[in-house]
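Have the viewer open as you read.

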Amino acid sequence: MLRLPAFQLLRPATVAEATRMLAELGPEAAPLAGGTDLLPKMKRRQLQPRYLVSLRGLRELRGWSGSPEQGLVLRAGCTLAEVAAQPAVRSAYRALAQAVAVCSNPILHRMGTLGGNLCLDTRCNYYDQTEHWREAVGWCMKAPGPHSPQEVPCRVAPGGGRCWAVSAGDGAPALIALGAKVRLVGARGERVLPLEDLYRDDGIRYLDKSPDELVVEVLLPPADGLRSTYRKVRRRGSLDFAALGVAAAVRQDPDGTVASCRLVLGGVASRPLVLEEAASLVVGRRLEGEVLEQVSQAVHRAVHPMDNTDFTVLYRRRTAPVHVRRALEALAS
Amino acid sequence: MRVLKERERVWNVVGQRLPRVDGWAKVSGRAQYTDDLSLPGMLFGKLVRSTHAHAKLVSVRLERALQLPGVVAAITGRDVPVRYSVFPVGQDETALAVDKVRYVGEPVAALAAVDPYTAEEAARLVEVEYEPLPARMDLEEALRNPEPRIHEYGPFGNVHRLASLEFGDVEVGFAEADHVREDLFFYEGSTHAPLEPHSALAWWDPGARKLTLWTSHQGPHYLHRGLAKALGLEEHQVRVVVPAVGGGFGGKLDIFHHEVCAAKLSMLTGRPVKITLTREEVFYAHRGRHPELLRIRTGVKRDGRITAMHVEAYLDGGAYCSFGPATMLYAGTQQPVTYRIPHYRFQAVRVFTNKPPCGPKRGHGTPQARCALEVHLDKLSEELGLDPVELRLRNLTGPNELTVNWLEITSNGLRACIEKVVEASGWHERRGRLPYGRGLGFACSAYLTGAGGSIYYSDMPHSEVHLRVDRSGGVTVYTMATEIGQGSATAVATIVAEVLGLQPQDVSLVTSDTDLTPIDLGSYSSRVTLMVGNAAYEAACRVRDLLFEAVAERLQVPRSRLVARSRRIFDEANPQVGGSFAQAAQWAEARFGCLATSGSYRPPQKLGTYKGSGVGPSPAYTFSACVAEVQADPETGEVKVERVWVAHDIGRALNPVLVEGQVEGSVHMALGEALMEEQAFRKELHRGPSWLDYKVPTVYEMPEVITFLVETEEPRAPFSAKEVGQGPLLCVVPAILNAIADALKVRVDEVPATPERVLKALEEQRKGRTGRVGPTKVPPFSFPPPERVPRPQSWEEAAQPA
Amino acid sequence: MERVVRLRVNGQEHRVLVPPHRTLLEVLREDLGLVGTKHGCELGECGICTVLVDGEPALSCLLLAQELEGHEVTTVEGLATDGQLHPVQQAFVDSGALQCGYCTPAMVLVTKALLDRVPEPSGEQVREAVAGVFCRCTGYVKILEAVQAAARRLRETGRPSGCGS
Ligand SMILES: Cc1cc2nc3c(=O)[nH]c(=O)nc-3n(C[C@H](O)[C@H](O)[C@H](O)COP(=O)(O)OP(=O)(O)OC[C@H]3O[C@@H](n4cnc5c(N)ncnc54)[C@H](O)[C@@H]3O)c2cc1C
Ligand code: SF4
Ligand code: FES
Ligand code: FES
């Protein structure tokens with residue numbers, strides 16, 4: 001049996017206490033929510049925090065409020081199953097409902113939280129492996145084993161001087177497409193920022209937040225006629241992470257003309273990839289015919305995955321435009 | 001063996017949809033698997049594994065590990081230097097690498113500690129120094145680079161074994177053909193992935209000087225022999241016990257490192273030692289499907305009759321022998337069992353590479369060649385303008401014939417199988433009329449009901465059973481037959497219950513314990529139902545004879561009128577004259593003393609005398625046919641198998657529920673091999689030794705399965721019951737590939753047929769080239785001239801002009 | 001820090017001294033001797049270690065024992081009462097929904113949790129419920145049948161699936 005390394009478990013009662021603990025303990029500590037990402041990584045010794053600050057006892061992180069009309073607030077401690085079952089999410093923020101429904105599998109849904117999903121570690125074929133495997137490959141920059149990060153290259157693109165590990169969470173692309181914001185609370189206060197600004201284009205430091213900051217809430221704007229969808233490419237209908245996630249959200253005039261559009265991809269870069277150009281092409285037009293062809297070409301230009309997830313790079317590039325087009329077609333009908 | 005003369009009766013339990021005898025224990029969580037066991041004072045063992053694919057082992061230092069408090073013992077290859085293997089010809093493994101390592105994951109040291117945390121920590125402290133050698137990661141590389149050799153044995157370079165056989169004269173056969181076609185096919189390796197990781201608990205009793213090993217294993221007998229050898233013990237000093245096994249599929253048949261190491265560590269410490277593999281380690285233990293390249297050339301008459309066939313197989317064996325010599329020969333044995341091939345040449349080579357050893361996986365050695373053949377026949381039928389089913393029908397073997405390679409077919413229900421699936425799938429009405437993207441594919445296959453030869457030569461029985469009836473009426477059957485989920489316990493209990501007029505759950509089973517149970521060679525080659533079944537049948541008949549004799553005497557009834565049914569033995573003409581089974585047992589015990597009988601089974605002598613003829617013969621063959629229906633997405637290459645019709649010639653189903661379960665499980669495993677599973681490597685490492693990265697299909701990929709059981713009379717099988725554990729897998733893989741071809745009009749001559757490959761074939765087609773992906777050449781290698789084997793007389797006679 | 005944790009398992013309270021890094025799986029199997037809960041990866045992938053926590057399926061390999069105080073844990077050992085199989089278990093045996101049996105404890109538990117919530121599940125709901133647990137033997141066909149058979153049995157007998165836990 002794979003075992004967890006030893007650590008100390010801290011169980012704060014409030015968010016304030018939790019952030020204070022995190023601030024005091026610094027990088028040696030990590031928040032523990034559902035643990036479905038963190039604990040397997042610790043068993044494989046990808047991460048070895050000496051302190052885990054459990055968020056499970058924090059009532060402030062439970063539940064939701066609001067409505068599609070006023071905007072919806074989902075707190076970070078909601079499980080994915082709770083999010084998927086939330087009536088407002090199902091009716092007005094479909095991309096999110098669909099995204100969490102195709103995350104992992106139904107048992108993990110009940111354990112994993114929304115906050116954990118948004119802070120999910122980036123993934124890579126050379127990183128999400130056991131300790132023995134990574135030692136055999138000679139480690140890599142993101143998890144350099146006994147070495148310092150400068151001493152070991154990235155195994156995917158050795159010359160690049162950076163880590164290309166992939167943002168593979170399903171929740172983030174959907175929420176970004178839906179225009180969500182997040183509320184962070186840290187030891188020195190709180191801030192609200194657009195969700196896309198939480199992410200950095202770096203496989204190692206993939207979140208733009210300090211270690212003591214917690215994601216406490218996700219704020220969805222009023223739905224206001226927004227229609228959205230999420231598609232996921234993976235080899236199997238359950239368990240697998242996204243080799244590609246496509247979130248699309250549009251607002252259309254009664255005649256079908258697109259008033260606004262957001263397209264976001266997961267699984268292709270170290271952060272959720274917002275497709276500005278492709279999305280702008282459909283604005284003022286209807287989701288059909290030539291426009292979709294133009295969108296496809298724009299997607300093809302924008303997507304440059306690295307060879308570090310399931311499926312070949314070539315395949316992911318070829319099919320990304322197909323899936324974006326199909327997402328838009330689904331919204332058109 | 002006694003003549004089985006009871007075929008025309010109505011059975012009490014045979015053929016009934018009864019619950020399996022181990023159902024209660026398993027569903028209640030009470031069944032004990034090896035890792036569930038613990039003993040007082042038990043230590044936890046851990047293997048340290050190589051991080052190099054090919055390297056000289058300069059040193060393995062244990063000092064730092066041994067200094068960690070709680071570590072009790074540690075060993076290296078020097079402590080267990082004896083070479084062993086299940087195969088007499090391939091004694092090439094040691095429990096820990098001695099002077100070199102041959103794959104990433106090969107164990108180099110082992111240790112035992114007071115708790116699992118300490119064992120894991122100590123493993124990190126073992127210091128290993130390697131001197132890397134170039135690693136050969138596939139067939140082509142291994143053949144192109146004979147030096148440095150991976151092993152110092154084998155004919156030359158990295159060639160492990162060779163076969164080159166010719167039955168009849170293929171040149172003559174090809175000359176007779178109106179049309180000749182050649183195809184190449186590649187079948188990727190895959191692994192068994194049983195849900196239960198391998199586990200072994202060893203206990204050396206220093207007083208009795210005896211080792212007991214509880215282990216999750218499917219061949220305790222071969223393990224027993226191998227362990228004794230590896231540990232330098234007499235065989236009678238070793239006892240192997242197999243608790244419940246959480247899946248095997250061929251992956252728990254070898255002698256495994258952790259078994260020998262747990263034993264050795266227990267001998268050194270005098271304490272019980274348990275080693276359970278992690279999921280990653282199960283992928284390194286492997287012994288799964290060989291990656292295999294095949295070239296098939298077939299000559300046919302205009303009407304589709306085969307005149308000659310030449311099969312070349314290139315097997316990537318991984319780093320050790322395992323069951324490789326048999327795997328290699330199996331690549332050539334089964335083609336003539338489904339189709340009449342008047343002239344047949346088979347050539348094969350198994351090559352060493354620096355990967356975990358390949359070995360026997362469900363269908364052992366036959367799925368690769370079967371798949372290549374069935375795809376090849378599909379293309380041939382296209383060229384001839386014949387329906388693929390029709391082409392097969394024109395070449396079908398029948399019952400009671402001898403194949404060109406000297407295999408004796410007795411019962412043969414292949415034609416009926418074909419008719420079933422063709423009709424049920426609406427083949428003739430629907431094929432060719434489905435919209436683009438949807439397709440139907442067809443294939444046939446055959447498999448052995450038990451290997452006719454044992455792995456080491458002997459003229460002793462392959463299966464033996466002891467049976468005891470006590471004065472309470474209790475019946476206990478002692479058999480080494482190993483239940484790995486396939487249902488062997490239920491099969492044996494059903495047979496004994498039928499003979500004695502009991503219910504299967506009335507029969508107690510003592511299984512898989514080399515001290516308590518008489519020999520059975522193991523749960524492989526689908527041999528248990530037939531071989532152990534026949535032995536159990538014999539033992540049960542013998543004890544029934546005693547019971548009948550005693551009852552006849554007591555009640556003054558003619559013996560011939562007695563029957564055993566409904567837990568009684570009575571006069572069939574006058575049913576109230578009789579006694580309960582327990583009463584009969586008491587009368588018989590009073591009359592004869594202790595009621596214990598035995599039975600044994602030895603398969604028929606093989607008929608071929610050529611080198612390699614030991615692989616392929618079986619007392620009886622099963623036959624299967626499959627139609628698969630797929631929906632394929634031409635833009636993404638994704639394939640969904642929607643429905644699978646499988647008909648299987650089972651002889652007779654002892655228990656249809658269990659038989660269907662084997663068919664359904666085979667479809668699932670075949671689906672994985674056809675579309676997604678790959679034991680593939682990234683440079684020198686397994687690509688992803690985990691459930692996330694190794695793509696076993698989930699419930700969402702499973703198609704609807706429509707199973708037909710075709711019954712045939714098989715005189716050599718107990719109650720006619722033939723195998724089902726492996727055969728139905730074989731035809732499903734090619735049926736899926738043929739369905740993809742029907743759906744998209746492109747060929748994926750390579751499994752798994754991943755979306756990437758399907759899309760690539762479509763792109764080739766779009767560019768105006770042949771819509772095909774797959775191998776285009778064979779590695780640089782020339783086979784030695786074939787050994788000419790005379791054909792059986794029947795074939796020579798058939799060849800005479802009338 | 002090691003702590004004495006009060007765990008309710010199958011209706012019985014246990015006090016166990018556990019360090020923070022000890023998972024529920026380890027405590028069940030190694031401290032409480034409840035080896036009916038199996039394991040196949042310890043990484044949250046195979047679902048074989050599934051138990052019910054407050055009636056809902058959860059992976060015991062990813063739960064810290066120290067965090068489970070105050071929760072009710074049900075393992076396969078908690079289903080049968082007085083030697084009588086739970087209707088779900090009986091349906092698995094009768095339908096032939098198990099072969100090697102290694103996935104069975106988890107399969108039976110996810111089924112029970114489903115039927116407690118949804119007495120008349122659709123095919124899709126059944127597939128979803130078992131999707132979290134791998135089976136390498138059965139191809140799932142008879143498992144899906146067993147779930148429906150169990151649902152029918154529970155509806156007919158009116159026996160609440162909750163009994164025995
Ligand atoms: C087999 C398997 C398959 C999976 N498949 C998918 C998939 O398909 N799609 C997918 O998106 N995910 C998948 N996951 C990952 C994971 O289950 C989900 O993303 C889940 O939502 C993570 O939430 P958690 O609460 O379990 O996170 P945790 O593991 O508790 O935490 C994850 C990370 O976030 C940090 N964190 C947690 N909460 C907060 C917070 N409030 N503020 C700041 N930091 C926080 C933690 O410190 C940690 O670094 C899979 C996991 C497994 C084991
Ligand atoms: S992208 Fe490079 S550095 Fe990052 S995890 Fe993968 S191999 Fe390591
Ligand atoms: S043991 Fe595999 S999910 Fe827990
Ligand atoms: S019955 Fe063997 S894994 Fe499901």
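**An exposed residue and its surroundings**

C:Asp82 is exposed, with a relative accessible area of 80%; the cut-off for that word is a value over 50%. Please keep in mind that this is a predicted model. To find C:Asp82, look in the loop between strand E5 (72-74) and helix H2 (87-95) of chain C. While you are there, check the backbone: C:Asp82 is not a glycine, yet its phi is positive, at about 45 degrees.

Chain C is built from 5 helices and 5 strands, and their order along the sequence is β-β-α-β-β-β-α-α-α-α. The globule rule gives 15 Å for 165 residues and the radius of gyration of chain C is 15 Å, close to that value, so chain C is as compact as a globular protein of that length. Along the principal axes, its C-alpha atoms fill a box of roughly 50 × 30 × 25 Å.

How much of chain C is buried? Of its 165 residues, 67% are buried. Among the contacts in chain C with a separation of 6 or more, 57% join residues 24 or more positions apart.

Next, turn to chains A and B. Their contact draws on 34 residues from chain A and 39 residues from chain B. About 3200 Å² is buried between the two chains, and 51% of this comes from carbon and sulfur atoms. On the chain A side, the residues that lose the most area to chain B are A:His132, A:Arg235 and A:Arg236, which together give 22% of what that side buries.

In chain A, A:Ser104 sits in the loop between helix H5 (94-101) and helix H6 (106-111). This residue is not a glycine either, and its phi is positive, near 35 degrees.

One runs from B:Glu147 to B:Pro148, with omega near -10 degrees, and B:Pro148 belongs to the loop between helix H4 (139-144) and strand E7 (159-167). Another joins B:Val751 to B:Pro752, with omega near -5 degrees; here the proline, B:Pro752, is in the loop between strand E32 (750-751) and helix H20 (755-766).

Notes. Residues are numbered from 1 along each chain as its sequence is written. Chains are lettered from A and ligands numbered from 1 in the order in which they are written. This is a predicted model: local features need pLDDT of at least 70, side-chain atom pairs count only at pLDDT 80 or more; totals for chains, interfaces and linings use all residues. Side-chain values use heavy atoms; hydrogens and water are left out. Helices (H or I, at least four residues) and strands (E, at least two) are DSSP runs, numbered from the N terminus. The radius of gyration is taken over C-alpha atoms; the globule rule is 2.2 Å times the number of residues to the power 0.38. Buried means under 20% relative accessible area, exposed over 50%, partly exposed in between (1.4 Å probe, protein chains only). Contact means heavy atoms within 4.5 Å. Buried area is the accessible area (1.4 Å probe) that two parts lose on being put together, summed over both.
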